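Biologist: I would like to go through this structure with you, starting from the sheet and then turning to the rings. Could you put it up, please?

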Amino acid sequence: SNTVVLGAKDIGNMHISQGGIASRVSVCSGGAMYISNGGVAKHTSVWGRSDYSNGHLVTTNGFMHILNGGIASSTTIDRYGIMYISSGGVASNTTVEYGYIYVKGGTANKTNLYYGDMYISNGGAAHDTIITASGIMHVSSGGKANNTTVSAGGTMYIYSGGVTNNIAMSAGLLYISSGGTATNITASSNT
């Protein structure tokens with residue numbers, strides 16, 4: 001517990017599998033955590049940073065990859081952090097603050113999406129997501145989102161081939177492109 005996975009020039013890769021459990025790990029810029037095959041990560045923080053080099057902005061991401069059989073719970077994806085959920089991977093109770101989460105074949109449960117982006121596609125599914133404060137959800141071909149709440153400042157895009165069900169709108173924005181599907185939408189008077 002209370003481990004820091006260093007990035008950049010340090011050796012910064014952690015692999016968790018076959019019943020291994022990691023708790024309260026910080027994955028810093030350039031570091032990576034891979035969770036698979038019965039591995040579990042709890043209370044992880046993933047973040048990166050940006051610096052100017054020769055007049056150019058250079059971003060270094062912290063990275064978490066949840067593969068088949070991997071589970072991550074109570075993760076915080078902070079500025080420049082990335083979470084990637086592949087087929088068979090599961091993330092629950094994730095908070096995204098200025099970071100990115102990609103759900104491609106895996107499942108994201110109970111995500112709080114604040115100042116970040118969430119991309120769902122290729123068999124990925126998101127359940128019980130709250131989008132607010134400049135958070136953006138993108139549901140594209142093969143992606144599904146169920147029980148989504150879009151609050152003040154939040155935005156949801158449904159592209160061709162994306163499927164959503166049970167959307168509660170409250171002062172947020174919803175865009176549905178041709179070929180996108182949205183059912184059971186409820187909107188408050190503030191939307």
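Predicted model: local features only at pLDDT ≥ 70, side-chain atom pairs only at ≥ 80, totals over all residues.

Modeller: Residues are numbered from 1 along each chain as its sequence is written, and side-chain values use heavy atoms, with hydrogens and water left out.

Biologist: In what order do the nine strands of the open sheet run?

Modeller: The order is β2-β5-β10-β13-β15-β17-β19-β21-β23, with parallel pairing. Strands here are DSSP runs of E with at least two residues, numbered from the N terminus, and two strands pair if DSSP finds at least two bridges between them.

Biologist: Which are the edge strands?

Modeller: They are β2 (13-16) and β23 (173-176), each of which pairs on one side only. On average, neighbouring strands of this sheet are turned by 10° against each other, direction ignored; the axes are lines fitted to C-alpha atoms, and angles run from 0 to 180 degrees between N-to-C directions.

Biologist: How many bridges are there between β15 and β17?

Modeller: Five bridges join β15 (residues 100-104) and β17 (residues 117-121) in the parallel sense. Lys-104 has Ser-121 of β17 opposite.

Biologist: How many of the seven residues of β14 are buried?

Modeller: Five of the seven are buried, and β14 (residues 90-96) is mostly covered. Buried means under 20% relative accessible area, exposed over 50%, and partly exposed in between, with a 1.4 Å probe and protein chains only.

Biologist: Now the rings. How many aromatic pairs are there in the whole structure?

Modeller: The search finds six. Rings of Phe, Tyr and Trp (its six-membered ring) pair if their centres lie within 6.5 Å; planes under 30 degrees apart count as stacked, over 60 as edge-to-face and the rest as tilted. Tyr-34 and Phe-63 have ring centres 6.2 Å apart and planes at 65°, so this pair is edge-to-face. Because Tyr-34 lies in β5 (residues 32-35) and Phe-63 in β10 (residues 62-66), the pair ties together parts 29 residues apart in sequence. Tyr-34 is partly exposed at 26% relative accessible area, and Phe-63 is partly exposed at 24%.

Biologist: What about Tyr-157 and Tyr-175?

Modeller: Their pair is stacked, at 5.0 Å centre to centre with 15° between the planes. Tyr-157 belongs to β21 (residues 155-158) and Tyr-175 to β23, 18 residues apart, and the pair links these distant parts of the chain. Tyr-157 counts as partly exposed at 26% relative accessibility, as does Tyr-175 at 39%.

Biologist: Which residues do ring pairs link into a cluster?

Modeller: Tyr-84, Tyr-102 and Tyr-119.

Biologist: One more topic: where is Arg-24 found?

Modeller: Arg-24 is in the loop between β3 (21-23) and β4 (25-27). Its phi is near 55°, a positive value in a residue other than glycine.

Biologist: And what is the phi of Asn-184?

Modeller: Asn-184 has a positive phi near 60°, again in a residue other than glycine, and lies in strand β24 (residues 181-187).

How values were computed:
Helix = DSSP H or I, 4+ residues; strand = E, 2+ residues; numbered from the N terminus.
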